[in-house]
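Please open the model in your viewer and keep the selection tool ready.

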Amino acid sequence: MGTKAHLMVKTGKKPNETTHYLDPVSELEAMPEVESIEPAAPTPFPDEISSTPGGETVRWCAQCGTCSSSCPNVAQMDYSPRRTIAMIRAGRRYDVLTSNTMWICASCYLCTVRCPRGVKITELMHALERVATSHGLTLGRTAAAMHRVFIDSIKKYGRVHELGMMMRFYLSTIPTGKINPLATIKMLPIALKLRSHGRMALKPTKIKGSEQLKTIVEKARALGGAR
Amino acid sequence: MKYYAYFPGCSCSEGTGVAYGQSTQAVAGPLGMELIELEDWNCCGSVPYGSTNELEALSVAARDLALAEKTGLDLVTPCSSCYTTLNGANSKLKEYPDLKAKVDECLAAAELKYEGGVRVRHLFEVIYNDIGLDVIKSKAVKPLHGLKVAPYYGCQLVRTEPGFDNPWNPQSIDHLIVTLGAESVPFPLKDRCCGGELVIPEVDIALGLIRKLLESAASNGAQCIVTVCPLCQTNLDAYQGMVNSKFKTKYNLPILFFTQLLGLALGVEPKALALDKSIVSAEAVLAPYTKVAEPAV
């Protein structure tokens, strides 16, 4: 992936000038040279995804579109699930990883159970979220911000303290401008109703094994890195 | 008596789904189940952790699995998200030996060990398969005749693990409703998504999904919706008012946990079922079924 594009850049010609006139044989001969110039070329995007747990099935896709027509949130997505898979296979790393698609996947698995090729699309969406996170491409993604406060709560207490998690999430969105502070205030009645019906604990519960859990998480971080 | 390790999850233990946790414990005894809460369990990690860091998420879930393995019992949870996460962690540890080796290292650092021997099950599936509809029918001393219920499966119960029910057109909750003497109304969107955790970061998307579900149930004459998931219940119940103001609708559908309905039919004291924790009050709809048990004060 990308080898031909690299070649064109190296020869200093515009792509459409080279495509027509370049001799295929010399193009092939030039390839090892390109590789030797850029030995640290990143893993091609399709390989990066298919080697990520949950992304292996991306090559099985037959582009039928059953996933996209099943998805409850497809209308709000930058690219449909089918198109996302096509773009992964076309190597469009940046476009895929900066799209909102995986972040508004509701993780409902309808695409997965309907896919005639057995592509695990929901798992793929989760894999894309992890890859985007590891590349630092989560700017302005409210779901990623919510994931962060959710995980912080687990790391701190061993459990999710819903009230604290929600408050921290809404506060964290104000500086990003992604969620209007007024819209946040509209959420207040929900929290109050839940609280008045005894469904919002004010104080978090900390598990006895919180240090044990911390040891586990730190070890995982040391072994696995960011992904 | 049947014994199970019980994993309530954050929501059902003291959060938004606390009524589910309470009504679960209330029906367990009458059904001949002993639910022994897993000692010092931690949050399963759910979708947010699994979407951020695979190894950390698996290791966090594996702590619960390791604790459960010590009990030698099946691990039962009423929460569909905990079920998906813990069950998924189990599958991934089998599917990816290299990840399993790293998870083992993480657990070993905390003096824990997981051999992979825990069976993770959803409470509804346990009641449906282990207790069975025949036993439930024989114990349903107060059948819910005349109550029109929309069976809401949500997405995780039947889709993430093949085998229990049809993932495209599930029937098990319908059967339970009929067994309890109530009527199961046609509910075409019975397995469609409520938005789940997206209700926090993407509330407008979730409100649209919730509205479709309420419309599908209401237009088919449902008096209430019954769910098997604390997230579904919270989204449909707590956000129903917001749907009404956003879309100028007038839905007034109580959202009940299946354990609450089950408890009523089994003759469990209504107070023990935490019915008053519903934001859309179920009082009027359930009045014919709660009156006799609760004498006027």
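Select B:I225 first: opposite B:I225 stands B:I255 in strand β8 of chain B. The model is predicted, and local features need pLDDT of at least 70, side-chain atom pairs pLDDT 80 or more, while totals for chains, interfaces and linings use all residues. Residues are numbered from 1 along each chain as its sequence is written, and chains are lettered from A in the order in which they are written.

Next, show strand β7 (residues 224-227) of chain B; strands are DSSP runs of E with at least two residues, and helices are runs of H or I with at least four, numbered from the N terminus. β7(B) runs parallel to β8 (residues 255-257), joined by three bridges. Strand β5 (residues 148-151) of chain B also pairs with β7(B) in the parallel sense over three bridges (pairing requires at least two DSSP bridges). There, B:V149 has B:C224 as its bridge partner.

Are the faces of β7(B) covered or open? Both are covered: B:C224 and B:V226 on one side, and B:I225 and B:T227 on the other, are all buried (20 or more other C-beta atoms within 10 Å of the residue's own, C-beta atoms being placed from the backbone).

Now select B:L261. Not counting residues up to four places away in sequence, B:L261 touches B:L144, B:V149, B:L180, B:V226 and B:L256 (contact means C-beta atoms, placed from the backbone, within 7 Å).

Finally, colour domain 1 (2-123) and domain 2 (136-290) of chain B, whose bounds come from an automatic or database domain assignment. Their centres, taken over C-alpha atoms, are separated by 24 Å.

Notes. Contact = placed C-beta atoms within 7 Å. Buried ≥ 20, exposed ≤ 12 C-beta atoms within 10 Å, placed from the backbone.
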